[in-house]
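These are my notebook entries on a structure that I looked up. The sequence and the model come before the entries.

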Amino acid sequence: MRFISDELVINRDDKAPLQVLGVGLPRCATSSMQAAMESKYINYHPCMHMAYIAPHAGRGDILLEALREPNTERRHKLLHQIFDGFHATSDFPGCAVIEDLMDMYPDAKIVLNKRPGGGNSWAKSIAAMTYMKDWPFYAITFLWKTDRNLHAFWHLYMDLCMKKYGLEKHELFTAKHYDAHNAWVLAEAAKRGREVLEHEPQDGWEPLCKFLGKEVPENEPYPHLNDAAEIRKITRILYGRGILSWIALIGVTFGTAKWIGLV
C-alpha cells in the first residue's frame, strides 16, 4: 500500500536529470500528478513522491540530513542521493526544496499543481494529515523509525515554511500558507527566468501535455488518486501497527522478566 510499503527498484546509475518539477503543496493532487507523470502518455517514470520516501528509513535519514544542511553544495549532494534515478517529482520532499531543484535542474519544466477551491479547500484537506506533527503520533509510533522520521519531517517543514514565507506558527496549514507558497514559487521561478504552468486536476491532460511537449491522450481520464478514504486507511495502519508494536514489546519484556525471576 502506498506510503506503507514500496517495491520500486531505483536505477541509481541513471543520471538523467529531472524533467519536471511538480512544486505544488501536498494535498494538491500530487498523487494524481505523479500518476500522470508515470503514465505511458508522459512517461517520466519514476516520479519522486513522498510515497517513495515514507516506507524507507534510510532514504528518510538522508532527506532529514539534507533539510538540516545549511551549506548549499553539501545539501545538493544529499538531494542528488534522493532524486537521482527519478525523472520527475511531485509532492514532498520536492515542494520543500524548490529553489534547490530549480538550480540543480535548470532545464526542468515547472508545474505548480494547485488545489481546486484554493486555500480554504487546501487547509481543510491538509488538516487530515497534520496529526503526524503532534506528540501522540510520535509516542504511539515511536518504535518505527520510518514514523519517527515522518514526525521529524513535519517539524522541519514547518520551520522552513515559517522562514521562507514569513508565516507565524498559527498561520501554518491555513489559506495564507497556501497562497504564500504559490506566490513564492512564482517569484522564485521568475528570478530564474523560468516559465510555470499552473495546473488543477480538472484542467486534465491537455495543458499539461502541451506544456511538456507530449501528445494529448484521447478518451483517457486524468488520474484521480489519494482521496480522503485512503488517508484515513493509512492513518489507521500507522496507529494500529504502532500500538501492536508497543503491546509486543511490553509482552516480551514482561515474559523475559518473568522467565528470569524478576516478577
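I took a polar contact to be a pair of N or O atoms within 3.5 Å; within protein, one must be able to donate a hydrogen and the other to accept it, and residues adjacent in sequence count only if both atoms are side-chain atoms. This is a predicted model, in which local features need pLDDT of at least 70 and side-chain atom pairs count only at pLDDT 80 or more, while totals for chains, interfaces and linings use all residues. Residues are numbered from 1 along each chain as its sequence is written, and side-chain values use heavy atoms, with hydrogens and water left out.

**Entry 1: His177**

I looked up His177 and found that its side chain reaches the backbone nitrogen of Phe173 at 2.9 Å. His177 belongs to helix H8, residues 175-191; helices (H or I, at least four residues) and strands (E, at least two) are DSSP runs, numbered from the N terminus. Is His177 buried or exposed? His177 is buried, with a relative accessible area of 0%; buried means under 20% relative accessible area, exposed over 50%, and partly exposed in between (1.4 Å probe, protein chains only). Leaving aside residues up to four places away in sequence, I noted that His177 touches Leu25, Trp122, Tyr157, Cys161, Tyr165, Leu167, Glu171 and Leu172, where contact means heavy atoms within 4.5 Å.

**Entry 2: aromatic rings**

I counted rings of Phe, Tyr and Trp (its six-membered ring) as a pair if their centres lie within 6.5 Å; planes under 30 degrees apart count as stacked, over 60 as edge-to-face and the rest as tilted. By this rule there are 13 aromatic pairs. Tyr131 and Phe137 form an edge-to-face pair, with 5.6 Å centre to centre and 70° between the planes. Tyr131 is buried at a relative accessible area of 13%, and Phe137 is buried at 0%. Trp205 and Tyr222 also form an edge-to-face pair, at 5.3 Å centre to centre and 75° between the planes. Trp205 lies in helix H9 (residues 205-212) and Tyr222 in the loop between H9 and helix H10 (228-259), so this pair ties together parts that are 17 residues apart in sequence. I recorded Trp205 as buried at 6% relative accessibility and Tyr222 as buried at 15%. Trp122, Trp154, Phe173 and Tyr178 form one aromatic cluster; Phe173 is also the residue whose backbone nitrogen the side chain of His177 reaches.

**Entry 3: backbone**

Most residues other than glycine have a negative phi, and most peptide bonds are trans. The peptide bond from His45 to Pro46 is cis, with omega near 0°, and Pro46 sits in the loop between helix H1 (30-38) and strand S2 (47-48). The peptide bond from Phe92 to Pro93 is likewise cis, with omega near 10°.

Which loop holds Arg27? Arg27 lies in the loop between strand S1 (20-22) and H1, and its phi is near 70°, a positive value in a residue other than glycine. Arg27 is buried, with a relative accessible area of 10%. Ala29 is found in the loop between S1 and H1 and has a positive phi of about 55° although it is not a glycine. Ala29 is partly exposed, with a relative accessible area of 24%.
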